[in-house]
Amino acid sequence: MFRNNYDNDSVTFSPQGRIFQIEYAGEAVKQGSVVVGIASKTHVGLFAVKRNAEELSSYQKKLFEIDEHTAIAIAGLTSDARVLSNFMKQQCLGHRLTYGRPMPIHTLVGQIGEKAQINTQVYGKRPYGVGLLVAGVDENGPHLFEFQPSGMTEEMVAFAIGARSQMARTYLERNIESFADCSKEELVKHGLRALKESLVQDKELTVENTSVGLVGLKEGPNGRPSVEPFKLYDGFETKEWIESVSESQGGEGEGEGEGEGETAAAGDGDGMEVDS
Amino acid sequence: MDHRPQAWGRPRDDVYGAYDHSYMQENGPKQNTQQPIVTGTSVIGIKFKDGVVIAADNLASYGSLARFTDVKRLRPFADSSILGFSGDISDMQYLDRHLTELSLSEAYESPDKPRLNAANLHRYLSKLLYNRRSKFDPLWNHLLVGGLDDNGEPFLAAADLLGSTYSAPSLATGFGAMLAQPIMRRYVPDEESAKKLTREEAVDIVKEAMKVLFYRDARSLDTYSLAVVTKDGVELKEDEKLENQSWAFADRIKGYGTQTV
Amino acid sequence: MTSIGTGYDLLNSIFSPDGRNFQVEYAVKAVENGGTSIGIRCKDGIVLAVEKIVASKLQKPNANKRIASVDSHVGAVYSGMIPDGRHFVDRARDEAQSWRQNFKTPIPTADLASRMGGYLQAYTMYGSVRPFGITAIVGGVDTSEETPVDGEVGSGPAVGAGGKVPGKHGGPFLYMIEPSGLYWGYYGAATGKGRQAAKAELEKLDLPAGNITIHEAVKEAARIIYIAHKDNKDKEFELEMTWISTVDGPTKGRHVEVPKELREEAERLARAEDESDDEEEEEKKDDDNKMED
């Protein structure tokens with residue numbers, strides 16, 4: 001039944017020093033549909049492809065607001081994500097109550113990292129089967145973190161997790177230099193293009209299956225940056241963006257000039273199914 | 001002489017009478033702190049255009065006894081805020097240690113720059129004080145917190161042992177609320193006038209108010225600490241002396257000093 | 001003597017017939033795959049350095065710190081499973097904090113090492129947990145000054161009980177704690193993938209003689225990490241360095257990051273030496289953009 005003797009639980013090292021249960025939990029993340037996050041100097045964008053179980057069912061949400069200044073994108077077991085998301089919401093609320101300020105993103109991510117690590121070291125627990133992209137802004141500006149089931153958290157400039165996310169990551173790596181100075185609109189276009197890279201052959205971004213989330217900093221009173229709260233764009237709110245990155249229109253429309261050409265090369269489909 | 005071990009170290013019944021056990025009731029209501037023991041008197045603070053000035057004298061009284069004369073009652077936090085404590089000194093020391101803990105854990109998260117500003121700190125302390133009073137075990141202090149707020153504007157607010165909070169361009173605790181506050185309020189009746197006040201003016205007002213407090217508050221001292229907080233940090237002087245004292249007014253007051261009639 | 005297939009290696013906390021705990025040995029394997037960490041103890045302070053392997057180009061440069069402060073005067077770095085390392089640091093901070101609460105003074109580095117050794121040991125004792133997949137290097141400078149206890153606000157009585165035993169107090173200390181809970185004090189400690197090369201270099205420094213300063217140690221640490229990285233040459237890395245000087249030194253007894261200029265200077269020297277070493281080797285094409293911040 002098991003692949004080897006060392007993968008029954010998360011408290012057993014293999015002779016190579018690996019813990020298979022953690023690695024398997026990492027596989028659960030790859031079963032989820034793809035999510036992309038990109039940070040510029042002023043904003044962080046989260047982008048997701050949603051799935052529906054069947055034609056008549058609704059689409060599973062992929063982006064969740066945690067607090068005014070932070071949100072997550074999830075890939076993997078949605079119910080595990082809900083546990084983490086509830087925890088994060090409580091921590092943020094508690095922090096606001098006691099200190100009167102939004103929770104710093106690094107602190108928040110550290111807390112879920114700690115929580116997840118415990119699950120990898122104690123018998124009878126299992127690692128979380130979900131990966132997160134945590135987007136948010138604080139005094140130090142916009143941040144994007146990746147969270148893995150192992151408890152590993154890392155700050156990224158841009159990242160993608162979930163099914164076929166390697167294609168999206170390749171797109172992001174090619175364009176990484178341009179993200180810092182992106183406007184909100186440009187950020188969205190990069191995000192959607194990255195998503196498209198990860199789609200299977202005949203799948204398209206539609207207003208039904210696409211989610212966009214943005215949080216950032218804006219000029220506040222007396223010139224200090226203030227939080228532009230997280231806003232989730234779903235359904236028809238995403239229509240223009242989706243059209244602006246559709247193949248027929250290519251990248252030429254708004255003239256932001258980067259990432260042209262490659263968009264056409266979307267999905268050389270190896271047949272991996274993206275729906276659940 | 002009673003040689004039973006139970007009697008060792010206890011006052012002898014034959015000399016002092018039987019011990020009145022009602023003083024050590026085991027089944028009465030549980031009691032927590034009922035009053036402060038070693039105390040610090042007023043803390044005063046005033047906003048000016050670039051920051052806040054705070055002062056408190058260096059005395060810790062034990063009742064009417066001037067018990068410790070070198071107690072520093074102003075405490076900087078993360079070189080960006082200042083706290084002034086009046087009330088119980090041991091509770092102040094407890095809070096001081098607690099804040100050391102807080103500043104350490106804050107430094108782990110962002111070693112480069114302090115992120116808990118005075119407004120955050122004030123919110124936190126008021127929650128702490130309210131929490132303790134709600135357990136009927138208050139920390140017997142009245143605090144002033146000075147520094148800058150989220151927008152980099154001068155911030156000055158008070159929190160007391162009940163968890164009450166309030167804010168004004170000038171604040172004073174203890175006796176200072178009666179004696180120093182009216183003086184400071186003459187100069188800064190509102191936020192606008194605080195925005196016009198210079199640092200030097202603010203320091204002078206505070207020094208003047210400290211002098212009045214020393215004249216009229218019998219639990220005060222002429223050695224005091226004075227701190228100025230601006231965006232550049234906290235400048236704290238802990239061994240200031242009141243200058244140019246004049247006790248001439250005392251002549252006309254009956255019951256003062258050596259007068260007998 | 002092999003561990004595999006006997007069943008004795010499937011559960012933590014059990015001995016094999018020849019007296020070994022294989023799960024702990026496997027945990028050490030996890031450490032040996034991690035980026036190299038080193039610590040140097042000199043007369044006037046401690047230097048910690050780590051080779052951070054950059055797994056993805058998408059990582060934010062210089063953002064993901066690996067060396068953590070445990071108290072204001074203590075730093076810790078680790079090789080192996082990073083989430084385990086974070087857990088280690090959390091626990092160490094709790095220990096330092098509870099020490100302060102109990103004794104109203106910062107925790108001596110030796111006591112912290114002892115507490116953490118005990119903590120890691122406990123994770124080798126039960127079937128319900130696994131050992132830590134890290135080896136940690138903990139460095140600290142215990143103050144040599146007469147310091148007030150935390151929260152002291154006046155000078156207190158001038159006579160009576162209390163006061164310090166005369167003699168030498170404090171100074172720099174360095175410990176390395178293994179997954180088994182075993183720890184030793186070191187002058188130069190190294191762990192992770194490149195530890196062999198790093199140890200060889202550390203030994204050449206003759207650290208027990210106490211004739212290098214922390215400024216020199218910063219340069220040596222950078223050089224050693226670059227040498228240790230040769231075992232891992234196909235991957236890019238970032239160098240992270242922190243230091244703690246004695247109270248009269250540049251950090252005033254605090255654990256802080258080595259200033260950028262100093263680190264870059266140390267890296268420049270390390271790279272120069274690196275290049276002159278493999279002159280005969282073919283030129284690495286991406287050597288230049290490798291460490292551009």
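A salt bridge is a side-chain nitrogen of Lys or Arg within 4 Å of a carboxyl oxygen of Asp or Glu. In the predicted model described here, the count between chain C and chain A is one salt bridge, and the pair that forms this salt bridge consists of A:Glu155 and C:Lys60, whose closest N and O atoms are 3.3 Å apart. Because that separation lies within the limit of 4 Å, the pair meets the criterion. Among the elements of chain C, those that give two or more residues to the side touching chain A are α1 (22–32) and α2 (82–103), and the largest share, six residues, comes from α2(C). By residue class, the side of chain C that touches chain A divides into 15 nonpolar, 10 polar and eight charged residues.

The contact between these two chains involves 33 residues of chain C and 35 residues of chain A. The area buried between chain C and chain A is about 2700 Å², of which carbon and sulfur atoms give 58%. Polar contact between chain C and chain A is counted for 13 residue pairs, with both residues at pLDDT 80 or more.

Attention now turns to the sheets within chains A and B. Strands of a sheet pair through backbone hydrogen bonds, either parallel or antiparallel. In chain A, an open sheet of five strands has the order β8-β1-β2-β9-β10, and its pairing is antiparallel. Strands β8 (158–161) and β10 (225–233) of chain A stand at the edges, where each has a single partner strand, so one side of each is left without a neighbour in the sheet. From one strand to the next, the twist of this sheet averages 10°. Within it, strand β2 (residues 43–49) and strand β9 (residues 210–219) of chain A run antiparallel and are joined by seven bridges, and A:Val49 has A:Thr210 of β9(A) as its bridge partner. Helix α4 (residues 165–179) of chain A packs on the sheet and touches β1 (35–39) and β8 of chain A, its direction making about 175° with that of β8(A). Helix α5 (residues 184–197) of chain A also packs on the sheet, touching β1, β2, β9 and β10 of chain A, and its direction makes about 30° with that of β2(A).

Chain B contains an open sheet of five strands in the order β11-β2-β3-β12-β13, with antiparallel pairing. Its edge strands are β11 (170–172) and β13 (233–241) of chain B, each of which pairs on one side only, and the twist averages 15° from one strand to the next.

Note on methods: Residues are numbered from 1 along each chain as its sequence is written. Chains are lettered from A and ligands numbered from 1 in the order in which they are written. This is a predicted model: local features need pLDDT of at least 70, side-chain atom pairs count only at pLDDT 80 or more; totals for chains, interfaces and linings use all residues. Side-chain values use heavy atoms; hydrogens and water are left out. Contact means heavy atoms within 4.5 Å. Buried area is the accessible area (1.4 Å probe) that two parts lose on being put together, summed over both. A polar contact is a pair of N or O atoms within 3.5 Å; within protein, one must be able to donate a hydrogen and the other to accept it, and residues adjacent in sequence count only if both atoms are side-chain atoms. Helices (H or I, at least four residues) and strands (E, at least two) are DSSP runs, numbered from the N terminus. Ala, Val, Leu, Ile, Met, Phe, Trp, Tyr, Cys and Pro count as nonpolar, Asp, Glu, Lys and Arg as charged, and the others, Gly among them, as polar. Two strands pair if DSSP finds at least two bridges between them. Axes are lines fitted to C-alpha atoms, for helices over the stretch in contact, and angles run from 0 to 180 degrees between N-to-C directions.
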